[in-house]
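Dear colleague,

Please find below the structure I am handing over to you, together with its sequence. My findings follow directly after it.

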Amino acid sequence: MKRILNNARLILADGVVERGALEIDNGVIAAIHAQALSAPPPHSEDLDGDDLLPGLVEVHTDNLEKHLMPRNGVLWPTLPAVVTHDAQCVAAGITTVLDALSVGDLEGDSVRLDTLQSAFDAIDAGMRQRVFRAEHLFHLRCELAYPTLLDALSPLLDHPAVRLVSLMDHTPGQRQYRDLAQYRKYYAKKNVSWNDDTFLAAVEQRKLKQRQYAGRHRQAVVELARARGIALASHDDTELGHIDEAVRDGVAVSEFPTTLTAARAAREQGLMTVMGAPNIVRGGSHSGNVAALELAGHGLLDILSSDYVPASLLHAAYLLGRQPDWGLSRAIATVSVNPARAVGLADRGAIAVGQRADLVQAREQDGIPLVRQVWNAGRRVF
């Protein structure tokens, strides 16, 4: 059915149309008008000058975990948890979400280990039963030092919704956890019995697992993903050697580089750089790494991810749009067309003729963008 979204501020890839209109036909953008149309209801809706932007594309969110275990030690029924997570994403303007499921964990007692298969199965069931408002895809996060990584990964890789595989190594003493004091602070709440001796013993045990497994697991995961045409990401790149390794492996995306040096090398080697939207909203990294706005100032930021707070994605994009040499169109691209293209989605991410009508109506209030309506393939879902 044809419909018109009228009298809107259109956020296009190459600029902003202050009072335009959008025609939608069969879930696809059919025409863009630089001026509002004199079209009456019911097939025309006046958006009252609000911003109309592409539906947000989220490539790395582990927001589902907090719904799977809403309180420590309490596992929630899986499909209801996923449905709640889906609703929260759509309310934040996210119309395509890559659920980042961790395959392996260096922590022995982990919600990630307990819920991997059940979460994967519930998302698959939700897709088939068409209960979601957003489109869900999979991002499989591979903890390379996890001893049984390949056994856990192999049954999942052939699902057609797997769009991204990331190579992670959270071994203490390198990458994100170069600073052992920061590592201990972050994981102490999960390991309340740690004292100086048991902490150092845990560090040595995890370094041993890295030496035993990480190298061969990395090679195997890369081969499995490349054989299936699945995009690869490298996680928490810190040094030039990490980027060199990523390039050798055919990695397309550098996720959350921890230093300016790594981010600059990623750009020089043609990798897209992902940073966390919470990093922008909070004004810096929670773990002391390079700030996303610092990378943005150097022109080294391509994609934002909401990571653990879905509402941060749109908020961060608007904050980014106020930075020198940015502007709203370029900033919105970091949460729409750039992440879509990074994972091979060519049919969405931009307000352009022929693209899916995945759209968000938003209005700024006191500097915060408020989501008013969301459409997925032309169907209103919020």
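In this predicted model, helices H2 and H3 are roughly perpendicular to each other, because angles from 65 to 115 degrees are counted in that way. The axes of H2 (residues 78-91) and H3 (residues 111-129) cross at roughly 65° and come within 9 Å. The crossing in which H2 passes H3 is right-handed. On the H2 side, the contact is formed by Thr78, Leu79 and Val82, while H3 contributes Ser118, Ala119, Ala122, Ile123, Gly126 and Gln129. Sorted by class, this contact of H2 with H3 comprises five nonpolar and four polar residues, and no charged ones.

Ser329 counts as buried, because its relative accessibility is 12% and the cut-off for buried is under 20%. The side chain of Ser329 reaches the backbone oxygen of Gly15 at 3.0 Å. Leaving aside residues up to four places away in sequence, Ser329 touches Ile11, Leu12, Ala13, Gly15 and Val16.

Lastly, I would draw your attention to two aspartates. Asp307 has a positive phi, near 55°, although this residue is not a glycine. Asp307 is located in the loop between strand E13 (303-305) and helix H11 (312-321), and is buried, with a relative accessible area of 15%. Asp366, also not a glycine, has a positive phi of about 55°. The loop that holds Asp366 runs between strand E14 (359-365) and strand E15 (368-376). With a relative accessible area of 76%, Asp366 is exposed.

Yours sincerely

Definitions and conventions. Residues are numbered from 1 along each chain as its sequence is written. This is a predicted model: local features need pLDDT of at least 70, side-chain atom pairs count only at pLDDT 80 or more; totals for chains, interfaces and linings use all residues. Side-chain values use heavy atoms; hydrogens and water are left out. Axes are lines fitted to C-alpha atoms, for helices over the stretch in contact, and angles run from 0 to 180 degrees between N-to-C directions. Helices (H or I, at least four residues) and strands (E, at least two) are DSSP runs, numbered from the N terminus. Angles under 35 degrees count as roughly parallel, over 145 as roughly antiparallel, 65 to 115 as roughly perpendicular and the rest as oblique. A crossing is left-handed if the near helix is turned anticlockwise from the far one by less than a right angle, and right-handed if clockwise. Contact means heavy atoms within 4.5 Å. Ala, Val, Leu, Ile, Met, Phe, Trp, Tyr, Cys and Pro count as nonpolar, Asp, Glu, Lys and Arg as charged, and the others, Gly among them, as polar. Buried means under 20% relative accessible area, exposed over 50%, partly exposed in between (1.4 Å probe, protein chains only). A polar contact is a pair of N or O atoms within 3.5 Å; within protein, one must be able to donate a hydrogen and the other to accept it, and residues adjacent in sequence count only if both atoms are side-chain atoms.
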